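Grab a viewer and a pencil: here are some exercises to work through with the model open. Each one comes with a worked solution.

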Amino acid sequence: MILGGILAVVAGAFIGLQNIFNRHLNEYVTGWIATTFVLITGSIASLLFGLILDGMDVFDFSGMKVSYWFFGLVGIGVIYCMMQAMKRLGPTKAVLIGVIAQLIFSLIFDVTGFLVLPQVNLKWVDILGVVLIIIGLLIFNMKSKVQTNK
Amino acid sequence: MIGILMAILTGFFIALQSVTNAAIGSGVSTWTTAMITQAVGATGALIIYLFSKKSHVNGFKKVKPLYLFGGSFGAIVVASSVIAVTLVGATVAISLTLIAQLGTVVIIEALGVFDVRKQPIAGMQWIGLTLMMIGVVFISL
């Protein structure tokens with residue numbers, strides 16, 4: 001439980017760092033070629049970590065089901081929809097709606113025990129928790145809104 | 001309307017991605033998962049790029065070399081997320097990831113490092129992050 005929490009925080013910290021780095025990348029390189037580059041370098045880095053820590057086991061694909069190979073394309077759905085949403089709504093609104101949807105769908109996935117997730121029963125505190133996170137996010141965003149209006 | 005639908009779909013796909021990555025991780029090792037899922041994504045993005053209006057590629061030379069390493073963080077992001085989702089479930093993992101992400105950007109802005117304009121952490125940001133953390137505690141009960 002604690003390890004899972006810590007690793008979720010690690011993932012978030014690196015996404016935040018990646019956002020900042022990619023912001024600088026996007027000053028000069030944008031669109032699908034930027035996405036391709038970011039994902040290729042991520043894949044190569046994973047290969048290197050795997051080689052160093054697991055050795056040749058990183059090439060052990062025996063546990064891969066056919067459908068698993070296509071799961072990587074979900075990321076394409078993320079990028080395409082995000083580009084479209086940002087173009088139409090602007091970044092602040094797009095991200096806000098996206099995050100709210102993300103929380104609600106993750107709760108649905110947990111409650112339905114989707115794919116490999118252990119099925120959990122929906123409790124009132126879960127809904128309360130998600131609502132609190134959404135309110136927190138709205139308050140968090142108030143600051144950036146004031147700033148962009150200046 | 002299409003914009004809102006697209007934003008909702010973005011959230012759907014991000015949540016879906018954390019579960020599909022965890023599913024791959026149940027079959028192969030964590031690093032293999034991160035390698036495959038990003039290689040497949042890159043292939044898809046490259047195909048779309050080849051069929052779309054080309055943006056200029058020579059921009060890469062103008063990017064400060066340090067910032068070309070943003071993508072490589074994806075290895076740690078996917079690997080950590082696979083284990084986190086498997087251990088604590090999608091909602092808690094995604095919530096904590098989101099808070100850590102916002103917190104990291106706020107700290108980087110407060111320090112003014114990585115060529116980001118220095119700006120102190122606003123009161124609203126403290127309150128927002130605190131409320132979000134209380135929210136995660138409720139979900140993990």
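What follows is a set of exercises on a predicted model.

**Exercise 1. Work out how chain A is built and how its overall dimensions compare with the globule rule.**

Step 1: run through the secondary structure. Chain A has six helices and zero strands, and its pattern along the sequence reads α-α-α-α-α-α.

Step 2: check the dimensions. The C-alpha trace of chain A spans about 55 × 45 × 30 Å along its principal axes. For 150 residues, a compact globule would have a radius of gyration near 15 Å, while chain A comes out at 18 Å.

Step 3: look at packing. Of the 150 residues in chain A, 44% count as buried. Among contacts in chain A with a separation of 6 or more, 36% join residues 24 or more positions apart.

**Exercise 2. Describe how domain 1 and domain 2 of chain A sit relative to each other.**

Step 1: get the bounds. Domain 1 of chain A is 1-89, and domain 2 is 91-149.

Step 2: get the spacing and the contacts. The C-alpha centres of the two domains of chain A lie 21 Å apart. Four residues of domain 1 of chain A are in contact with four residues of domain 2. On the domain 1 side, the touching residues split into four nonpolar, no polar and no charged.

**Exercise 3. Which residues does the contact take from chain A and chain B, and what is the chain A side made of?**

Step 1: count. Chain A puts in 100 residues and chain B puts in 99 residues.

Step 2: find the contributors. In chain A, α1 (2-25), α2 (31-54), α3 (66-71), α4 (74-89), α5 (91-112) and α6 (124-149) each supply at least two residues to the side that touches chain B. The most comes from α1(A), with 21 residues.

Step 3: sort by type. The chain A side has 65 nonpolar, 27 polar and eight charged residues.

**Exercise 4. Locate the largest nonpolar core and follow one of its residues.**

Step 1: find the core. The largest nonpolar core holds 92 residues, and Phe14(A), Ala15(B), Val19(B) and Ala93(B) have the most contacts inside it. Helix α1 (residues 2-27) of chain B gives the largest share, 12 residues. Domain 1 (1-89) and domain 2 (91-149) of chain A both contribute residues, so this core lies between them.

Step 2: follow Ala15(B). Setting aside neighbours within four places in sequence, Ala15(B) is in contact with Gln102(A), Phe105(A), Ser106(A), Phe109(A), Ala90(B) and Ile94(B).

**Exercise 5. Where are Leu115(A) and Phe114(B), two residues with positive phi?**

Step 1: take Leu115(A). Its phi is near 50 degrees, and Leu115(A) is in the loop between α5 and α6 of chain A. With 16 other C-beta atoms within 10 Å, Leu115(A) is partly exposed.

Step 2: take Phe114(B). Here phi is near 55 degrees, and Phe114(B) is in the loop between α4 (90-111) and α5 (123-140) of chain B. Phe114(B) has 15 C-beta neighbours inside 10 Å and counts as partly exposed.

Methods:
Residues numbered from 1 in each chain as written. Chains lettered and ligands numbered in written order. Predicted model: local features only at pLDDT ≥ 70, side-chain atom pairs only at ≥ 80, totals over all residues. Contact = placed C-beta atoms within 7 Å. Helix = DSSP H or I, 4+ residues; strand = E, 2+ residues; numbered from the N terminus. Nonpolar A, V, L, I, M, F, W, Y, C, P; charged D, E, K, R; others polar. Domains from an automatic or database assignment. Core = buried A, V, L, I, M, F, W, Y, C linked by C-beta atoms within 7 Å. Buried ≥ 20, exposed ≤ 12 C-beta atoms within 10 Å, placed from the backbone. Rg over C-alpha atoms; globule rule 2.2 N^0.38 Å.
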